[in-house]
Amino acid sequence: MTLAELEEQLARTPFTPCSGNAAISRGWISPRNDGALVATVGGQWLIALSVQTRILPPSVVDEEVRERATAFEDERGRKPGRKELRELRERVTAELLLKTLTRRATTAIWIDPNAEWFCVDGSSPSKCDEVVDVLGLCLDQFPLKRLYTQHAPQSAMADWLAGGEGPVEFTIDRDCELRAVGEEKAAVRYVNHPLDGDKINAEIKAHLSDGKLPTRLGMTWGDRISFVLTENLELKRIAYLDLIKEQAENDRPQEQDRSDANMALMTGEFGRLLPAVIASLGGEVVEEVVETSN
């Protein structure tokens, strides 16, 4: 879709604060606070989902329900029935929601319309699912599909660890987690620990031989970006290395242009990193289109 079409369709679900006793509100906001729901730099797009939730711990509801149930019993000489208790909980929840504080969080999304990337800066899969759910309410057609690679990240990470080195363009860093697949879920973690050397290589190979599989592995791409790759093809703890920081420092923009410069730097680097990650995993699994005829 075009930039104008995306802007128009996102406007169908703008963010509005929680009203009444609503427990949650989700909607799109302007990434730059300039009114536009899509920010663009160099052909790259940035959108932002804002989510506001009312803070109401279940323990607070439980305590209030117990007190009112006790008062009900004292007044009527019997305990409330199941239906009455359910209605009491619903009433208590609705009343307390009007008095609670709210918490608001924003999730940024980067879209590369040419390379066809849709990347969510989310701390968990549920954050990403939330973005996709709200997006599905806005768009006339839903163009997203999950990325799958020829080699599963878990098996690829096991191969790299067994061989003692990362794939082309990548090095193995100092963080790793291996977890058993059995019921006991035994796990071994290396945190800020050198993963090279004969002793550690033999140790890791022994864990792999025992049936443990890597679920997380710290990696560096081209001395530019470090990250942790997970078994679910997530990139976590992303950090620019000194080479990128020096480049950004040398190209220090004026204050008003800094946001654009940061976005251009991020999208430029990630536009090269993500294809390299996919290539290290054997490439993307491309769905075949099967033509049928009557």
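**Helix packing, cysteines and a glycine in a predicted model**

Helices α2 and α3 are oblique to each other, and because oblique is the class left over once roughly parallel, roughly antiparallel (over 145 degrees) and roughly perpendicular (65 to 115 degrees) pairs are set aside, the angle itself deserves a look. In this model, which is predicted, the axes of α2 (residues 58–76) and α3 (residues 82–97) come within 10 Å and cross at roughly 130°, and the crossing is right-handed.

The residues that bring these two helices into contact can be followed along each of them. From α2 come Val60, Val61, Asp62, Glu64, Val65, Arg68, Ala69, Phe72 and Arg76, and they meet Glu84, Leu85, Leu88, Arg89, Val92, Thr93, Glu95 and Leu96 of α3. Sorted by class, this contact of α2 with α3 is made of 9 nonpolar, 1 polar and 7 charged residues.

Turning to the cysteines, the structure holds 0 disulfides. For Cys128, the closest cysteine sulfur is that of Cys119, and at 9.8 Å it is too far for a bond, because a disulfide requires the two sulfur atoms to lie within 2.5 Å. Cys128 is partly exposed, with a relative accessible area of 24%, whereas Cys176, with a relative accessible area of 4%, is buried.

A last stop is Gly271, which lies in helix α8 (residues 258–280) and which, at 26% relative accessibility, counts as partly exposed. Although Gly271 and Met1 are 270 residues apart in sequence, their C-alpha atoms are 20 Å apart in space.

Methods: Residues are numbered from 1 along each chain as its sequence is written. This is a predicted model: local features need pLDDT of at least 70, side-chain atom pairs count only at pLDDT 80 or more; totals for chains, interfaces and linings use all residues. Side-chain values use heavy atoms; hydrogens and water are left out. Axes are lines fitted to C-alpha atoms, for helices over the stretch in contact, and angles run from 0 to 180 degrees between N-to-C directions. Helices (H or I, at least four residues) and strands (E, at least two) are DSSP runs, numbered from the N terminus. Angles under 35 degrees count as roughly parallel, over 145 as roughly antiparallel, 65 to 115 as roughly perpendicular and the rest as oblique. A crossing is left-handed if the near helix is turned anticlockwise from the far one by less than a right angle, and right-handed if clockwise. Contact means heavy atoms within 4.5 Å. Ala, Val, Leu, Ile, Met, Phe, Trp, Tyr, Cys and Pro count as nonpolar, Asp, Glu, Lys and Arg as charged, and the others, Gly among them, as polar. Buried means under 20% relative accessible area, exposed over 50%, partly exposed in between (1.4 Å probe, protein chains only).
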